[in-house]
Amino acid sequence: MTQESLTRRSRRGVGAGLRDFPTFRAVSYIVFAFLYLPLVFVVAYSFNSNRVVSVWRGFTFSWYSEVLGNDAIQRALFNSLRIGFVATIVSVVLATGLAIGLLTMARAGRTFAWTLIGAPLIIPEIVFAIGTLSLFVQSRIPLGVNAITLAHIAFCIPFALLPIRARLRGVDPAVYEAAADLGANEWTIFRRITMPLLAPGIVAGALLAFIISLDDFIVSYFLAGPGGTTLPVYIFGMIRNAITPGVNALSTLMLIASILIVSLSYLLARKRR
Amino acid sequence: MATPGRATAIPAPESEEASSTSPARRQRQAGQGSWWSGIPGFVYLIALVLFPLIIILIYSFLSRAKLGVGVKWEFTLTPYTELLYSESLSGGRSFDPTYLQIIANSFWYAIITSIVCLVLAIPIAMWLATRPPERRTLLVFAVTIPFWTSLLIRTYSFIIILNDNGPINGALQAVGIIDEPIPMLYTPFATVVGLVYTFLPFMILPIYASAERFDFRLAEAAYDLGAGKWTVLRRVVLPSVRPGVIAGLVLVFIPALGSYLAPELLGGGKSSMIANVIAAQFGASRNWPFGAALSVLLLVITLLVLVVFALVAKRASRATGRGGWESLL
């Protein structure tokens with residue numbers, strides 16, 4: 001390195017130049033394009049008036065009205081929402097309990113608990129799907145909406161837990177002590193102190209659990225039985241039978257829902273940090 | 001889990017200890033609640049995560065049911081021997097490499113996926129880490145968004161993109177590079193593209209988490225000592241993001257190995273992976289014990305891979321901190 005280049009660098013300060021590596025910016029732009037272009041294509045072709053999805057003919061909104069007016073799709077949507085709401089509520093309650101319990105659990109218990117909580121994320125989803133299928137068949141629990149809900153709760157717990165736990169760990173224990181000193185009992189402290197402090201984390205966790213349940217395909221597919229078709233299971237059937245821009249219209253609506261919900265969750269989790 | 005690959009976890013039980021919690025403070029305090037509030041969740045996870053695994057293990061040693069749905073309670077090792085041998089109607093056994101081939105395929109696809117993800121992720125992770133803080137948060141969020149959208153839809157999008165009439169073939173033909181569409185959909189190539197697309201954020205985020213903590217004064221010191229850009233990258237930057245790279249490899253390789261949707265929708269049957277065979281046993285092939293045995297095999301492989309990576313990580317790094325699935329949030 002010459003003296004000249006050194007002075008040039010120091011004149012620019014500890015600047016961006018030193019931190020940038022050649023081609024990294026270009027690769028980054030390409031990766032972002034790679035991440036988003038497929039979704040853009042899904043949305044764009046949902047307005048295609050041609051029945052053959054990837055041959056563009058003209059612009060139309062008709063796929064949306066066709067999809068939204070379809071009885072089977074409405075039933076699937078209703079199933080998805082019902083499963084999503086119940087799975088969210090139950091998993092958030094269980095996750096809140098776990099988050100609080102983990103704080104005071106003995107070390108061995110905590111390790112075991114974390115293994116169990118993390119397990120739905122490590123186990124290949126197909127294994128979880130056929131495992132719960134076997135469990136339900138073995139214990140004569142009928143397949144369908146309720147079976148799917150039971151399984152969804154299990155893998156929604158870790159997603160609900162993360163923001164709640166992050167929130168809980170940020171709480172200064174002194175606030176509990178202060179409340180106790182002022183004569184509040186355990187229940188009052190939980191209701192008046194813990195819950196309000198955890199609320200943003202709980203809502204963020206609930207939103208994540210809801211998307212995870214709403215978007216799940218594999219587990220729902222194996223547990224659906226005759227009456228438990230959810231929206232992703234229905235979309236899979238459409239993809240298998242005949243791909244029309246209707247698939248894209250339905251997919252676009254689901255994409256919008258997912259992105260809105262995750263953005264909301266993200267904003268809540270960042271709040272007052 | 002939620003989708004194969006919906007974040008694989010590296011649970012962080014240790015971090016709790018690390019957080020300045022002295023043993024004394026861990027004592028139960030007024031109003032902090034107590035461990036029993038975790039019991040319902042605990043019991044639930046035992047019933048719906050642990051029990052299914054135990055049942056699969058039991059099923060894998062049982063006989064096939066007459067009609068194919070469920071099992072016959074009769075002990076046998078057939079599901080495991082079926083992995084290597086096929087039995088003819090006359091009862092003779094012959095070596096059959098079909099399933100070994102599929103297992104090898106799965107490894108091969110998962111390895112290629114991990115490598116491609118790594119090559120793409122390092123530049124973008126470094127680039128993200130060097131953006132101004134406000135913009136960085138937004139960009140990292142932009143990387144995570146696709147992860148939160150439906151895996152089915154993300155995989156489906158490549159049916160549109162890669163098919164013979166799709167935008168890629170259309171563009172190439174319009175420019176005149178090719179006359180006939182290149183068949184891309186329903187090939188192993190399509191499967192790997194789908195897998196890379198699905199798991200790329202899992203590689204980017206942990207590497208970014210490591211890169212973000214990188215002290216760029218070290219790079220400056222290296223420049224001062226006369227190193228060029230690539231030397232700095234290779235000798236200073238990359239070694240310090242190694243914990244992120246290892247975490248990323250785990251988070252990509254494990255779910256990629258167990259993937260179902262990408263080979264199912266994009267591979268067109270020619271590039272089946274283990275998960276597709278498992279699904280078939282519980283569907284059309286109606287051989288639950290064999291499907292269970294394959295699941296046990298997949299689980300064992302998954303655990304072995306985790307252990308290997310854990311050992312590598314332990315050797316290679318000083319404390320990694322976050323960088324697991326928590327970096328997704």
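Trainee: Which residues does B:Ala125 touch, not counting residues up to four places away in sequence?

Mentor: B:Ala125 touches B:Ile204, B:Ile207, B:Tyr208 and B:Ala211. Touching means contact: the C-beta atoms, placed from the backbone, lie within 7 Å. A note on the source: this is a predicted model, where local features need pLDDT of at least 70, side-chain atom pairs count only at pLDDT 80 or more, and totals for chains, interfaces and linings use all residues. Residues are numbered from 1 along each chain as its sequence is written, while chains are lettered from A and ligands numbered from 1 in the order in which they are written.

Trainee: What does UniProt list for "transmembrane region" in chain B?

Mentor: The unreviewed UniProt entry lists several stretches of chain B, including residues 107–129 and 189–209. Such positions use the numbering given here, feature names are shortened, and annotations may be inferred rather than shown by experiment. In the model, residues 107–129 of chain B are 100% helix, with end C-alpha atoms 31 Å apart. Residues 189–209 of chain B are also 100% helix. Helices are DSSP runs (H or I, at least four residues), as strands are (E, at least two), numbered from the N terminus.

Trainee: Why is A:Phe155 called buried?

Mentor: A residue is buried if 20 or more other C-beta atoms lie within 10 Å of its own, exposed if 12 or fewer, and partly exposed in between; C-beta atoms are placed from the backbone. A:Phe155 has 29 C-beta neighbours inside 10 Å, so A:Phe155 counts as buried. A:Phe155 is found in helix α8 (residues 145–169) of chain A. A:Gly118 is 37 residues from A:Phe155 in sequence and 9.0 Å away in space, C-alpha to C-alpha.

Trainee: How many residues of chain A are in contact with chain B?

Mentor: 100 residues of chain A are in contact with 92 residues of chain B. Helix α6 (residues 107–122) of chain A gives the largest share of chain A's side, 13 residues.

Trainee: How many residues on that side of chain A are nonpolar?

Mentor: 73 are nonpolar, against 17 polar and 10 charged. Ala, Val, Leu, Ile, Met, Phe, Trp, Tyr, Cys and Pro count as nonpolar, Asp, Glu, Lys and Arg as charged, and the others, Gly among them, as polar.

Conventions: Contact = placed C-beta atoms within 7 Å.
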